[in-house]
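Have a go at each task before you read its solution.

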Amino acid sequence: MRRADVAALVEDDRVHRDLYLSAELFELEREHFFANTWNYVGHASQVREPGDYVAVEIAGRPLLMVRQGDGSIRVLYNRCAHKGTQLVSDASGNVGKFFRCPYHAWTYKLDGAPLAMPLKGGYDGTRLKACESGQGMAAVPHVAVYRDFVFAKLNDAGPGFDEYFGELLRSIDNLVERSPLGRLRIEGGVLRNIVHCNWKMYLENINDTVHPMSTHESATAAAHALWQGRSADEPKPMSMEQILPFGAGYDFFDRMGARVHPNGHSVLGVNFSIHSGYAQLPDYEASMREAYGAERAAEILQRSPQNALCFPSLALKGSPQAIRVIRPLAVDRTLIEAWSFRAEGAPDLLFERAMTYNRLVFSPMSVVAHDDVHLFESIQQGLRARGNDWVSLHRDFERGELAQDTQTVNGTNEILMRNQFRAWVKFMTLDMPA
Amino acid sequence: MNAGPVIIERELCDFVAHEARLLDARRFDEWLALFAANGRYWIPLQGAEQAEGAAHNALADEDSLLLSLRVQRLKNPRAHSQHPVSRCQHVLQRSALTHADHAAGRYELATPFIYVESRGERQLMLAGTARHRLVRSAQGLLIELKRIDLLDAGTALPAIQLFP
């Protein structure tokens with residue numbers, strides 16, 4: 001495929017179904033789109049000690065996030081330079097002071113540099129040292145650690161980290177600054193979901209404010225039926241506090257507002273969100289004022305978007321302190337991970353909120369997610385129909401938006417999705433033949 | 001005259017089998033009624049390794065309010081993910097009585113199982129051990145805790161819509 005063929009699949013106000021259905025495009029996405037964008041690898045708190053590693057897959061490549069002896073973090077390809085064996089096969093662990101291939105005992109320093117191998121003399125006079133196999137484990141060239149969030153870009157093409165994310169980094173700041181100590185820790189495990197749909201359906205839905213009323217009707221109706229008749233000032237259990245707002249109407253979601261940013265990023269709920277009504281915690285707020293000053297603390301706590309999307313792999317919620325990671329596995333299969341943060345210096349209740357929210361909304365057993373997942377999988381099947389090759393993104397489209405890469409809009413404006421697809425074309429075609 | 005331990009053990013094992021049969025028959029209201037007011041349905045993310053009270057997440061951790069929500073939702077024709085409907089089958093191994101306090105009427109049982117959930121063309125199979133904490137009350141035996149230790153709770157899973 002050439003640049004023009006790919007670009008023709010995304011029009012100003014609609015996208016072609018091949019973006020969701022074509023296995024050929026998915027392979028091209030791995031080669032170009034995912035390799036040209038900055039993708040979330042993991043959090044530094046997952047690799048605390050030298051030799052700690054976490055194995056992940058990005059753009060179809062096996063990667064290792066590794067804590068170095070000097071405290072820095074590197075991302076290496078999980079491949080022995082000799083025959084290609086994966087150096088580790090557990091999802092996480094500690095390798096000690098060096099990697100040792102289980103196959104022929106080639107060893108590498110934590111930064112991937114070659115250390116030793118058996119029968120070294122057998123390589124005297126050969127080309128080994130001069131070729132890739134003599135260079136050790138290959139490192140991912142572009143890695144950024146921003147306030148303990150680790151991102152990688154596999155290709156040289158595309159903007160640097162700061163330019164790529166721009167203002168979206170303020171959303172990471174908000175997550176971190178909700179800790180009076182300015183530190184987060186991943187805790188409580190990860191909920192992993194396999195969804196039989198293309199990754200874009202999930203990513204669009206993160207910015208879809210018009211589905212909750214119809215998609216989640218059964219869950220919110222049941223919650224309201226169970227809770228009705230209670231007085232308004234009766235303190236809600238955390239589960240009700242988190243589920244009931246899903247039933248908010250179109251007007252609520254429209255008024256929450258949104259902001260789109262260059263490169264596909266967005267913040268949904270710039271005015272308020274379904275998370276704004278959680279019970280206040282006076283002691284915690286006092287500790288935040290002590291740490292940041294009254295004005296700054298109020299700013300931090302007041303900002304409570306529905307979702308901040310670090311396109312294309314990470315969705316953040318500042319409150320509750322939860323993130324989702326989107327890992328495409330195949331054209332019609334996507335892994336969704338939901339991780340919880342503990343904000344250091346904040347009360348346990350905040351961490352409970354993160355875990356409870358992830359469990360209620362992002363677990364394979366979530367009654368909220370069941371309807372989402374069913375509909376994503378339904379779209380994957382429905383798009384095979386003839387008679388309409390396109391997916392509509394027309395709501396609130398205005399020609400003028402094409403000239404602006406940052407803008408604040410109403411919360412139900414599909415520009416949040418149009419913005420994702422415009423970035424998709426950009427990074428897909430960046431290094432493609434014209 | 002009190003029932004002997006063998007008769008009680010038989011009663012407890014029958015209760016566990018009955019609980020699974022209610023789920024397989026989609027008799028969810030009757031199933032809910034087996035839980036004590038403070039009853040809990042819990043599927044820890046680390047399976048059998050997870051200590052009770054540890055600050056670690058779960059696939060499900062439900063009090064009677066959340067269990068009722070689940071059951072109410074399943075009755076709603078607009079529970080979209082139930083078209084087609086999910087069906088389940090528990091295949092239980094013999095329960096082992098792991099704790100008995102006859103004086104207090106409190107018992108714990110461990111029941112290894114295979115669970116199959118079917119929906120349309122897709123089938124999901126899970127293996128694990130159900131751990132029941134039962135208490136004898138005026139209404140008969142009630143579930144204080146049903147803890148389900150899955151073999152693969154921490155792996156990537158598709159939707160599990162009913163009740164392992």
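This is a predicted model: local features need pLDDT of at least 70, side-chain atom pairs count only at pLDDT 80 or more; totals for chains, interfaces and linings use all residues.

**Exercise 1.** Is B:L12 buried or exposed, and which residues does B:L12 touch?

*Solution.* First place the residue: B:L12 belongs to helix α1(B), which spans residues 5-24. Then count its surroundings: 20 other C-beta atoms lie within 10 Å, and because the cut-off for burial is 20 or more, B:L12 is buried. Now list the contacts, leaving out residues up to four places away in sequence: B:L97, B:Y107, B:L109 and B:L134. Finally, check a C-alpha distance: B:S95 is 83 residues away from B:L12 along the chain, yet their C-alpha atoms are separated by 8.6 Å.

**Exercise 2.** Describe how helices α11 and α12 of chain A cross, and which residues meet there.

*Solution.* Take the axes of α11(A), residues 282-292, and α12(A), residues 294-302: they come within 7 Å and cross at roughly 125°. That angle makes α11(A) oblique to α12(A). The handedness of the crossing is right-handed. For the contact itself, α11(A) supplies A:E285, A:M288, A:R289 and A:Y292, while α12(A) supplies A:A294, A:R296, A:A297, A:I300 and A:L301. Sorted by type, the residues of this contact are six nonpolar, no polar and three charged.

**Exercise 3.** What is the strand order of the eight-stranded sheet in chain A, and which helix lies across β13, β14 and β20?

*Solution.* Read the open sheet across as β12-β18-β17-β16-β15-β14-β13-β20, with antiparallel pairing. Its edge strands are β12(A) and β20(A), each pairing on one side only. Neighbouring strands are turned by 20° against each other on average, direction ignored. Zoom in on β13(A), residues 258-260: its antiparallel pairing with β20(A) has three bridges, and A:A258 stands opposite A:V409. The helix we want is α15(A), residues 415-429, which lies across these strands and runs at about 20° to β13(A).

**Exercise 4.** Which strands stand at the edges of the three-stranded sheet in chain A?

*Solution.* Begin with the order, β7-β8-β9, in an open sheet with antiparallel pairing. β7(A) and β9(A) stand at the edges with a single partner strand each, so one side of each is left without a neighbour in the sheet.

**Exercise 5.** Which element gives the most to the side of chain A that touches chain B?

*Solution.* Start from the totals: 33 residues of chain A are in contact with 30 residues of chain B. Elements giving two or more residues on the chain A side are β12, α8, β18, α13 and α14. Of these, α8(A) gives the most, with eight residues. By type, this side divides into 17 nonpolar, 11 polar and five charged residues.

Notes. Residues are numbered from 1 along each chain as its sequence is written. Chains are lettered from A and ligands numbered from 1 in the order in which they are written. Axes are lines fitted to C-alpha atoms, for helices over the stretch in contact, and angles run from 0 to 180 degrees between N-to-C directions. Helices (H or I, at least four residues) and strands (E, at least two) are DSSP runs, numbered from the N terminus. Angles under 35 degrees count as roughly parallel, over 145 as roughly antiparallel, 65 to 115 as roughly perpendicular and the rest as oblique. A crossing is left-handed if the near helix is turned anticlockwise from the far one by less than a right angle, and right-handed if clockwise. Two residues are in contact if their C-beta atoms, placed from the backbone, lie within 7 Å. Ala, Val, Leu, Ile, Met, Phe, Trp, Tyr, Cys and Pro count as nonpolar, Asp, Glu, Lys and Arg as charged, and the others, Gly among them, as polar. Two strands pair if DSSP finds at least two bridges between them.
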